[in-house]
Amino acid sequence: MDRQQSEHPTTEPEPAEQEGSVPAEGGGEAGPRTDAERRARRRRLLRRTALALVLLLVVPVLGAALALRLNYTGDLAEGTHTRNRDAIWLGHAWVDGRKKDADVKVLARRLQGTGIRDLYVHAGPLEHDGTLPASAYPRARRLIAAVHREIPAVRVQAWLGDKLATEDDDGLRLSRAATREAVVESTRRILATGFDGAHFDLEPLHSGDRNYLTLLDALHRLTCAHDAPLSVATHQIDPLPAIHSVAGALTGHPKWWSQDFFGEVARRVDQIAVMSYDTAMPLESLYGGYVAQQTSLALEVTPPGTDLLMGLPFFHDNTVGHRAAAETVPAAVRGVRLGLSRTDADRAAFGVALYVDFAATEGDWTAYEEGWVR
């Protein structure tokens with residue numbers, strides 16, 4: 001019995017004796033008879049409304065969390081380890097003079113026995129008009145020569161990028177043909193400097209951007225003519241159908257790409273690296289399950305001839321989008337191996353990409369080597 005109902009007698013007095021009663025047609029009464037009852041009914045309605053809202057919000061979240069946790073379970077297929085196609089992002093210090101030849105020797109020892117084949121060396125950023133002054137990478141030739149001497153099997157790719165004017169007025173505009181042409185010319189000069197390839201990271205890049213695909217087509221023609229790889233870093237893929245559209249409508253920042261758009265990009269490049277970090281996952285198991293899902297989604301649409309790399313978080317910031325205790329290298333490696341095991345365990349054109357050298361710890365390197373290399 002409701003508490004408010006139990007506080008009143010079950011035998012109703014005559015209407016004339018009820019203070020605050022509201023007569024109804026036909027001699028009955030409509031609504032609460034007292035202010036206290038009206039307030040009680042409003043409280044009950046608010047509680048029920050709040051419970052309904054909580055259920056609407058919490059149940060889907062709990063369901064998604066359970067799905068990710070289950071995605072982090074299962075057996076790892078034999079042979080799901082490095083294919084010697086891994087990569088690492090290196091900071092700008094390698095081309096601006098802060099790093100010396102002695103540092104290259106240390107790097108060579110660090111990479112010995114790993115699966116790393118590509119170095120993405122930050123040589124930008126591009127100017128908003130797509131140009132890139134040579135002053136941005138003054139020591140590039142010396143670095144490339146030193147790497148080729150100390151680690152001859154490793155390729156040095158120029159990591160280029162810029163903030164895009166997709167969510168505010170400041171940034172590079174891919175919609176301008178002159179800007180795209182300038183990016184291609186900047187890449188031509190980078191390759192003439194001696195870089196073995198070009199790696200692009202343009203953000204925030206919204207799913208379905210046809211101007212980006214047009215740029216990739218032009219860049220790939222150039223890199224093919226120089227027998228150099230074209231590589232890109234990408235956003236994550238929709239974990240739920242069309243969630244990028246929902247996120248875009250609610251926040252103006254879609255974050256994810258559709259799986260179809262990811263496939264279109266993958267078909268235009270030689271190497272595609274998923275930035276599978278900054279996921280806002282609160283727990284290591286949920287992050288690992290998310291990486292497993294992202295790996296499977298990417299594998300499903302990446303052509304066999306394109307190298308697919310999954311990013312590993314070699315950094316430890318704590319922000320709204322990244323919890324260091326959750327986004328760990330062991331969780332990412334296990335997630336990568338689970339996704340690979342379930343989707344295409346024998347795929348040769350596959351690897352991981354380590355972000356980033358200047359924030360990495362010995363623990364990160366050990367987890368990569370023990371979980372993926374060995």
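Reader: Where is threonine 80 found, and what does its side chain reach?

Author: Threonine 80 is found in the loop between α2 and β1; helices (H or I, at least four residues) and strands (E, at least two) are DSSP runs, numbered from the N terminus. Its side chain reaches the backbone oxygen of alanine 77 at 2.7 Å. That distance falls within the limit for a polar contact, which is a pair of N or O atoms within 3.5 Å; within protein, one must be able to donate a hydrogen and the other to accept it, and residues adjacent in sequence count only if both atoms are side-chain atoms. Beyond four places in sequence, threonine 80 is in contact (heavy atoms within 4.5 Å) with Arg337, Leu340, Ser341, Ala345 and Trp372.

Reader: Which peptide bonds are cis?

Author: The bond from glycine 124 to proline 125 is cis, with omega near 5°, and so is the bond from tyrosine 355 to valine 356, with omega near 15°. Proline 125 lies in the loop between β2 (116-122) and α4 (140-150); valine 356 lies in the loop between β8 (350-355) and α11 (362-373).

Reader: What can be said of alanine 136?

Author: Alanine 136 is also in the loop between β2 and α4. Its relative accessible area is 15%, so it is buried. Leaving out residues up to four places away, alanine 136 touches His92, Val95, Ala123 and Gly124.

Reader: How do you know that the span of helix α5 agrees with its number of residues?

Author: The expected span is 1.5 Å times one less than the number of residues. For the 17 residues of α5 (residues 177-193) this should be 24 Å, and the end C-alpha atoms are 25 Å apart, which agrees. The buried residues of α5, including Val183, Thr187 and Leu191, pack against α4, β3 (155-163), β4 (197-203) and α6. Just after α5, glycine 194 takes a positive phi of about 125°.

Reader: How many cavities are there, and what lines the largest cavity?

Author: The count is 1 cavity of 30 Å³ or more. On a 1 Å grid over the protein atoms alone, a cavity is a set of points where a 1.4 Å probe fits but cannot get out, and a pocket is an open set with protein on both sides within 12 Å along at least five of seven lines; lining residues have an atom within 4 Å of a point. The largest cavity has a volume of about 70 Å³, a volume being the space filled by probe spheres set on the points, which are joined across faces, edges and corners. Its lining includes Trp94, Lys99, Asp101 and Arg139. The elements giving two or more residues to that lining are α3 (101-111) and α4, and α4 gives the largest share, 3 residues.

Reader: What lines the second largest pocket?

Author: The second largest pocket has a volume of about 400 Å³. It is lined by 17 residues, of which Glu203, His235, Met275, Tyr277 and Asp278 lie nearest its centre. β4 and β5 each supply at least two residues of the lining.

Reader: Where does pLDDT stay under 50?

Author: pLDDT, the predictor's confidence in each residue from 0 to 100, stays under 50 over residues 1-29. Where pLDDT is low, the predicted coordinates should not be read in detail. Among the elements, helix α1 (residues 3-6) has the lowest mean pLDDT (40) and β1 the highest (99). The mean for the protein is 90, and 88% of its residues reach 70 or more.

Note on methods. Residues are numbered from 1 along each chain as its sequence is written. This is a predicted model: local features need pLDDT of at least 70, side-chain atom pairs count only at pLDDT 80 or more; totals for chains, interfaces and linings use all residues. Side-chain values use heavy atoms; hydrogens and water are left out. Buried means under 20% relative accessible area, exposed over 50%, partly exposed in between (1.4 Å probe, protein chains only).
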